[in-house]
Amino acid sequence: MQPSERLRALSDAFLKLMDVVTIDLDEKDNPQVIFESLNYLGVPLLPSDLIRNYVFLEANRRGEPVNKLYDQYWYDYDRLGKRGQPGFWKVEEKQGRLKRPRLDLFVFHYLSYTKREELLITRLYKEFQTWWKEKPERVVEDELSKLQKFSHIFARFFTPDGDTRLDLFLERLQQLDISTIYPLLLYLLSEGVHLSQAELNGMAVDLESYLVRRLVCGLTGKNYNRFF
């Protein structure tokens, strides 16, 4: 195809095949509700999509720099992989009988850790809203910064590239298909808990021993979420 033909095809695509829709909102309109309903007949929005919109809507309402916050704290979650493949956080992992994107799983386990209670992943967006509203004084940047720090810990669960006993345990957790321990690990590996590598290695051995012995004895892992 000649350059002129390519240019004509590109022009036709923009002028004839692409529609641009503008939605004007009144002061009484809720952008969040409209956003949630846009894809009602299309591809369902992921809980993390709704959470992203909710957080940045809050940032906009409070006059915080939305674009700066997105670029600094959220862009990596939306980043695509090579050749348009899902990026790291969009890759689906098995949890229970279903597969879910890593970002949804991370937010779920992060909320479980912060709330210290059992949650339903099927209600992830509602659970996040409830958690957020518990402290109206939240600063969006502070919360995004915390989320980012814990996301680095969570990413390690899927890419344990070290040579410590803890890394071996993280690798074996994937083989055992046990993720209910993740909130506990988020706590143990957080900045506020000052544990040496030797202490973490010892805990990894103890936890692994507990899980493997129960597996060998044919005991159920049904209540692991409550236990951990």
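Student: Which residues does L185 touch, and what makes a touch a contact?

Tutor: L185 touches F157, F169, L170 and L173, leaving aside residues up to four places away in sequence. Contact means heavy atoms within 4.5 Å, so each of these pairs meets that limit. The model is predicted: local features need pLDDT of at least 70, side-chain atom pairs count only at pLDDT 80 or more, and totals for chains, interfaces and linings use all residues. Residues are numbered from 1 along each chain as its sequence is written, and side-chain values use heavy atoms, without hydrogens and water.

Student: Why is the largest set of 51 residues called a nonpolar core?

Tutor: A nonpolar core is a set of buried Ala, Val, Leu, Ile, Met, Phe, Trp, Tyr and Cys residues joined through side-chain atoms within 4.5 Å. Buried means under 20% relative accessible area (exposed is over 50%, partly exposed in between; 1.4 Å probe, protein chains only). The 51 residues form such a set, therefore the name applies. Those with the most contacts inside it include F106, F128 and L185.

Student: Which helix gives the most to this core?

Tutor: Helix 7 does, with nine residues.

Student: What makes residues 92–95 a strand?

Tutor: Strands are DSSP runs of E, at least two residues; helices are runs of H or I, at least four, and both are numbered from the N terminus. The chain has 11 helices and two strands.

Student: How do you know that strand 1 and strand 2 pair?

Tutor: Pairing needs at least two DSSP bridges. K94 has K99 as its bridge partner. Two residues lie between the strands of this hairpin, and G96 in the turn has a positive phi of about 70°.
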